[in-house]
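Please work through the exercises below with the sequence and the model at hand. Each task is followed by a stepwise solution.

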Amino acid sequence: MRILLLGAAAVALSGCSWLGGNSHHSKHSSYNQNNGYYAGQSNDGCCVGGKTLSRWNLEGAIGPEFFVGGDALTGNKTNSAAAVIAANPGINSITTNNLSMKDAYDPGMRYELGGSYALNPNRKVTLMGSYAQASGEEVNLGSINGNALTGDMSDYKRYGVELGLRQYFKPMRAPVFNSIRPYVEGKAGAAHIDDIAISNAQLGGNGYNNGTIGLYESGWVPTAAGMVGFEAPVFNRATLGLETGIRYTGTMKTDTTDLGSGAPFGGINNGSQSWTVPVALRGRYRF
């Protein structure tokens with residue numbers, strides 16, 4: 001999967017909405033913002049170098065994704081310590097911890113593959129499928145009778161699809177590529193996230209709850225993103241770009257199998273929404 005998507009992104013890719021038959025500086029400097037074409041282009045109906053707009057584009061992207069918001073553990077939303085102690089003989093004291101998604105997971109990787117359709121030379125509708133994964137860290141849920149409850153967060157895996165609208169701006173002069181074209185994009189969609197659990201659970205160094213504590217159930221959640229970036233021509237039909245932004249992923253459903261009402265640490269799994277910052281190398285190929 002990673003090799004396939006990396007290859008798709010590396011092919012790098014765009015519609016002739018802003019690149020004529022070549023990337024000479026003279027064409028970039030004579031770009032017509034009103035019609036999306038360059039001076040000197042022929043009117044022979046050819047997609048590349050002509051005045052016919054390339055509507056369809058193949059796109060791919062790859063890059064890291066960083067958690068910047070959201071809660072993995074919500075110790076401030078757990079059951080009353082007094083009620084837990086009263087309902088569980090043998091428990092004399094209990095503490096709970098908060099933990100952000102940023103601290104629960106390492107920076108992950110995100111892969112995208114899909115396409116776009118040019119409404120006009122400056123605006124495209126995009127439809128992208130994605131896969132993201134991040135490795136979980138060892139976490140501390142709190143303590144019972146002074147003994148720490150620890151374990152490993154399961155890996156974060158998310159599959160999704162998003163529909164977007166991308167708006168391009170006038171090309172700008174730049175070194176190396178002669179010109180770059182900035183853009184902004186808004187996206188909305190849905191993602192399926194695999195269940196999240198604690199593995200290798202230990203209380204004071206001894207196994208706890210058969211080593212596993214369920215936190216969140218797998219399921220679909222809404223997503224939305226706001227992106228900014230730029231593209232530069234690399235071949236006659238291709239561009240490479242760099243983009244970043246902010247992405248919201250909705251709240252997962254709480255798993256109450258092991259953390260039900262009255263149970264120790266019940267309610268510590270009332271988080272799971274997340275905010276991430278992706279940084280992606282994006283490629284487009286125009287047909």
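Two exercises follow, after a note on conventions. The model is predicted, so local features need pLDDT of at least 70, side-chain atom pairs count only at pLDDT 80 or more, and totals for chains, interfaces and linings use all residues. Residues are numbered from 1 along each chain as its sequence is written, and side-chain values use heavy atoms, with hydrogens and water left out.

**Exercise 1.** Determine the place of Ser 143 and state whether Ser 143 is buried or exposed.

*Solution.*
1. Ser 143 lies in strand β7, residues 138-144 (strands are DSSP runs of E, at least two residues, numbered from the N terminus).
2. The relative accessibility of Ser 143 is 14%, so the residue counts as buried (buried is under 20% relative accessible area, exposed over 50%, partly exposed in between; 1.4 Å probe, protein chains only).
3. Beyond residues up to four places away in sequence, Ser 143 touches Ser 93, Ile 94, Thr 95, Ala 148, Leu 149 and Phe 265 (contact means heavy atoms within 4.5 Å).

**Exercise 2.** Locate Val 176, classify its exposure and give its distance from Ala 232.

*Solution.*
1. Val 176 belongs to the loop between β10 (172-174) and β11 (178-193).
2. With a relative accessible area of 77%, Val 176 is exposed.
3. From Val 176 to Ala 232, the C-alpha to C-alpha distance is 9.5 Å, while 56 residues separate them in sequence.

Terms used: Helices (H or I, at least four residues) and strands (E, at least two) are DSSP runs, numbered from the N terminus.
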